Amino acid sequence: QVRLVESGGGLVQPGGSLKLSCAASGSLASGNIFSTFTMGWYRQFPGEARAWFAKMNPMEVTDYSSSVKGRFIISRNVTENTMYLQMNNLQPADTAVYFCNTIPDYLDWGQGTQVTVSS
């Protein structure tokens, strides 16, 4: 079973940047999850369901929701079993708990990491 651990969140002022990490421990019978599944970053706003906004497929093709396109960049290091999210020009509307998982979400959810954008 693969376990996902998100980190890197925190409090940042509008216009600031953060880099999130998603570390995967364990393995699948089919191999490394990053080279097997489309992986995504999800976020959850208060009172709403989690939704993905950035994803990368096994061929490293990326896609973003319109709300983050041009500001956020998803990347990965397969050797280190880690996925990253560089977030630039953060805005208060980005305040949420951030998670990673496959798309669709096949794995158990991690605890997420809180990102708060506020002056």
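This report describes the strands, the disulfide, the nonpolar core and selected loop residues of a predicted model.

## The four-stranded sheet

Four strands are arranged as an open sheet in the order E1-E3-E8-E7, and the pairing is antiparallel. Strand E1 (3-7) and E7 are the edge strands, each of which pairs on one side only. On average, neighbouring strands of this sheet are turned by 15° against each other, direction ignored.

Within this sheet, E3 and E8 run antiparallel and are joined by 6 bridges. Ser21 has Tyr84 in E8 as its bridge partner. As a general point, the side chains of a regular strand alternate between the two faces of the sheet.

Strand E4 covers residues 39-44. Of its 6 residues, 5 are buried, so E4 is largely enclosed by the rest of the structure.

E4 is joined to E5 by 5 bridges, and these two strands run antiparallel. Here the bridge partner of Tyr42 is Trp52 in E5. The hairpin of E4 and E5 has 6 residues between the strands, and in this hairpin Gly47 takes a positive phi near 80°. E4 is also joined to E9, by 6 bridges, and this pair likewise runs antiparallel. Gly40 stands opposite Asn101 in E9.

## The disulfide

The model contains 1 disulfide. It joins Cys22 to Cys100, with an S to S distance of 2.0 Å. Such a link is a covalent bond between the sulfur atoms of two cysteines.

Cys22 belongs to strand E3 (residues 18-25) and Cys100 to strand E9 (residues 96-102), so the pair ties together parts that are 78 residues apart in sequence. The torsion about the S-S bond of Cys22 and Cys100 is about 75°, and the disulfide is therefore right-handed. Cys22 and Cys100 are both buried.

## The nonpolar core

The largest nonpolar core has 28 residues, and the members that touch the most others are Trp41, Leu85, Met87 and Tyr98. Several elements each supply at least two residues of this core, among them helix H1 (33-36), strand E5 (51-56), strand E8 (82-87) and strand E10 (113-117). E3 provides the largest share, with 4 residues.

Asp94 is placed in the loop between E8 and E9. Its relative accessibility is 2%, which is under the 20% limit, so Asp94 counts as buried.

The side chain of Asp94 makes a polar contact of 2.7 Å with the side chain of Arg71. When neighbours within four places in sequence are left aside, Asp94 is in contact with Arg43, Phe45, Arg71, Phe72, Asn89, Val115 and Val117.

## Ser65 and its surroundings

Ser65 is found in the loop between strand E6 (62-64) and strand E7 (72-77). The side chains of Ser65 and Ser67 are joined by a polar contact of 2.9 Å.

Note on methods: Residues are numbered from 1 along each chain as its sequence is written. This is a predicted model: local features need pLDDT of at least 70, side-chain atom pairs count only at pLDDT 80 or more; totals for chains, interfaces and linings use all residues. Side-chain values use heavy atoms; hydrogens and water are left out. A disulfide is a pair of cysteine sulfur atoms within 2.5 Å. Buried means under 20% relative accessible area, exposed over 50%, partly exposed in between (1.4 Å probe, protein chains only). A polar contact is a pair of N or O atoms within 3.5 Å; within protein, one must be able to donate a hydrogen and the other to accept it, and residues adjacent in sequence count only if both atoms are side-chain atoms. A nonpolar core is a set of buried Ala, Val, Leu, Ile, Met, Phe, Trp, Tyr and Cys residues joined through side-chain atoms within 4.5 Å. Two strands pair if DSSP finds at least two bridges between them. Axes are lines fitted to C-alpha atoms, for helices over the stretch in contact, and angles run from 0 to 180 degrees between N-to-C directions. Contact means heavy atoms within 4.5 Å.
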